[in-house]
Amino acid sequence: MTINKHIQDLEYYDTNIVVEYTFIESELDYFSGTGQKEDVEINGVYVDNVDITRLMEVHSSELEKIVLDNHLGNL
C-alpha cells in the first residue's frame, strides 16, 4: 500500500503555516451501504521549518476541516 503525503501552505490566524497531511478515503459502514468517507490526517504543522504540530492539537479539528475543504476544492 502506498501512502501519499500532501502539503498545503495556509494563512491561519495571521500566521503562515505549512501543513503536511494524508488524504483518506475509506468506506464508512460498508455493509449498510452508506458510501465513502473523505477525511485528512494531519502529519505535521510547520512555521518557518519549525515543527509546531503538538501546539496545534487544540485546533486539529478546525485545521483538518480547512485542509480537507482546500484539498477537495470546496473553498
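**A walk through a β-β-β-β-α chain**

Among the contacts in the protein chain with a separation of 6 or more, 38% are accounted for by residues 24 or more positions apart, where contact means heavy atoms within 4.5 Å. The model is a predicted one, in which local features need pLDDT of at least 70 and side-chain atom pairs count only at pLDDT 80 or more, while totals for chains, interfaces and linings use all residues. Residues are numbered from 1 along each chain as its sequence is written, and side-chain values use heavy atoms, with hydrogens and water left out.

The secondary structure comes to one helix and four strands, and from the N terminus on the elements run β-β-β-β-α; helices (H or I, at least four residues) and strands (E, at least two) are DSSP runs, numbered from the N terminus. Of the 75 residues of the chain, 24% count as buried, a term that means under 20% relative accessible area, with exposed meaning over 50% and partly exposed in between (1.4 Å probe, protein chains only). The accessible surface of the chain comes to about 5700 Å², of which 48% belongs to carbon and sulfur atoms; such areas come from the Shrake-Rupley method with a 1.4 Å probe, and for residues only the protein chains shown count as cover.

In soluble globular proteins, nonpolar side chains tend to be buried together. Here the largest nonpolar core has 13 residues, and those with the most contacts inside it are Ile 17, Val 19, Val 45, Leu 63 and Val 67. Strands β1, β2 (15–27) and β3, together with helix α1, each supply at least two residues of this core. A nonpolar core is a set of buried Ala, Val, Leu, Ile, Met, Phe, Trp, Tyr and Cys residues joined through side-chain atoms within 4.5 Å. Leaving aside neighbours within four places in sequence, Val 45 is in contact with Ile 17, Val 18, Val 50, Asp 51, Ile 52, Thr 53, Met 56 and Leu 63.

Not counting residues up to four places away in sequence, Gln 8 touches Ile 17, Val 18, Val 19, Tyr 21, Val 67, Asn 70 and His 71. The side chain of Gln 8 makes a polar contact with the side chain of Tyr 21 at 3.2 Å; a polar contact is a pair of N or O atoms within 3.5 Å, of which, within protein, one must be able to donate a hydrogen and the other to accept it, and residues adjacent in sequence count only if both atoms are side-chain atoms.

The structure holds one aromatic pair, formed by Tyr 12 and Tyr 13, which is edge-to-face, with 4.7 Å centre to centre and 90° between the planes. Rings of Phe, Tyr and Trp (its six-membered ring) pair if their centres lie within 6.5 Å, and planes under 30 degrees apart count as stacked, over 60 as edge-to-face and the rest as tilted. Tyr 12 counts as buried at 8% relative accessibility, whereas Tyr 13 counts as exposed at 56%.

Next comes the loop between β3 (36–47) and β4 (50–51), where Asp 48 is found and where Asn 49 also has its place. Most residues other than glycine have a negative phi. Asp 48, however, has a positive phi of about 50° although it is not a glycine, and Asn 49 has a positive phi of about 65°, again without being a glycine. Asp 48 is exposed, with a relative accessible area of 71%, and Asn 49 is exposed at 78%.

In the loop between β4 and α1 lies Glu 57, which is exposed, with a relative accessible area of 53%. Helix α1 (residues 60–72) has 13 residues and reaches 18 Å from its first C-alpha to its last, close to the 18 Å expected at 1.5 Å a residue, the expected span being 1.5 Å times one less than the number of residues. In α1, Leu 63, Val 67, Leu 68 and Asp 69 are buried. Lys 65, also in α1, counts as exposed at 52% relative accessibility, and its side chain makes a polar contact with the side chain of Asp 69 at 2.8 Å. Ile 66, another residue of α1, counts as partly exposed at 26% relative accessibility. The C-alpha atoms of Ile 66 and Leu 10 are separated by 9.2 Å, although the two residues are 56 residues apart along the chain. Just after α1, Gly 73 takes a positive phi of about 75°.
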